[in-house]
Amino acid sequence: MKRFVLTGAPGSGKTSIIRELEVDGFSVVEEAATDVIARQQAQGIAEPWAHASFIDAVADLQRARQMRASFEQAETQFHDRSAICTAALAVYLGHAVSDALSRELERIKSEAIFQKRVFFIRNLGFITHTEARRISFEETLRFERIHDETYRNFGFEIVFIEPGSLLDRVTTIKAAIALEATG
């Protein structure tokens, strides 16, 4: 199975793209951080990302989802973020990369879980705030740079998906994977 990661700054449109790829018949794996935030906020923790344990909670959920999805009989699978993103998030938040996250990053590398080409969804030029997304647009640009650097440091090739219509962005991704399959 070929597993591709979609990454980028918060609010760039990753989830919309993942939903469209799913509608088009691709196997998809949900993003974890938003679900961890929602669960912890429901437990009364207003800003879960302020706690170092947040990083491990996200990495644990990502691993569980990736492992569960590995049993699917799909030729191609798209992941809304990965543990590499979680390492970038740790840097952005000023948290240390924990032993648990380090082990997960090593597992991803040693088992070659993901394709080396990562689809980096570029920001849309604005940010829409939610309970989980309280970041300013300026901070999304910083977060975007950290993600780019982190993926490159882990040896991934970045394929930028520029702003545009949802259909255009999805078509660009599908064309890139078709091109990879042919040669």
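This briefing covers a strand, a helix and the salt bridges of one structure. The model is predicted: local features need pLDDT of at least 70, side-chain atom pairs count only at pLDDT 80 or more, and totals for chains, interfaces and linings use all residues. Residues are numbered from 1 along each chain as its sequence is written, and side-chain values use heavy atoms, with hydrogens and water left out. Helices (H or I, at least four residues) and strands (E, at least two) are DSSP runs, numbered from the N terminus.

**Strand E3**

- Strand E3 spans residues 76–80, and five of its five residues are buried. Buried means under 20% relative accessible area, exposed over 50%, and partly exposed in between (1.4 Å probe, protein chains only).
- In a regular strand, side chains alternate between the two faces of the sheet.
- Both faces of E3 are covered. Thr76, Phe78 and Asp80 lie on one side, Gln77 and His79 on the other.
- E3 pairs with strand E1 (residues 2–8) in the parallel sense, over five bridges. Pairing requires at least two DSSP bridges between the strands.
- Within E3, Thr76 is the bridge partner of Lys2.
- Strand E2 (residues 27–29) also runs parallel to E3, joined by three bridges. Here Ser27 has Gln77 as its bridge partner.

**Helix H2**

- Helix H2 covers residues 33–42, with Ala33, Val36, Ile37 and Gln40 buried.
- Those buried residues fall within an arc of 100 degrees seen down the axis, so they line one face of H2. The arc is that of the directions from the helix axis to the C-beta atoms.
- Helix H3 (53–69) is included in what covers the buried residues of H2. Contact here means heavy atoms within 4.5 Å.

**Salt bridges**

- The whole structure holds ten salt bridges. The criterion is a side-chain nitrogen of Lys or Arg within 4 Å of a carboxyl oxygen of Asp or Glu.
- Arg65 and Asp35 form one, at 2.5 Å from N to O. This pair links helix H3 to helix H2, 30 residues apart. Arg65 is buried at 15% relative accessibility; Asp35 is partly exposed at 33%.
- Glu104 bridges to Arg63, with the closest N and O atoms 2.9 Å apart. Glu104 sits in helix H5 (residues 99–110) and Arg63 in H3, 41 residues apart. Glu104 is buried at 7%, while Arg63 is partly exposed at 34%.
- Glu139 and Arg142 meet at 3.1 Å, N to O. Both lie in helix H6 (residues 137–153), three residues apart, about one turn of the helix.
- Shared partners join Arg63, Glu104, Arg107 and Glu111 into one salt-bridge network.
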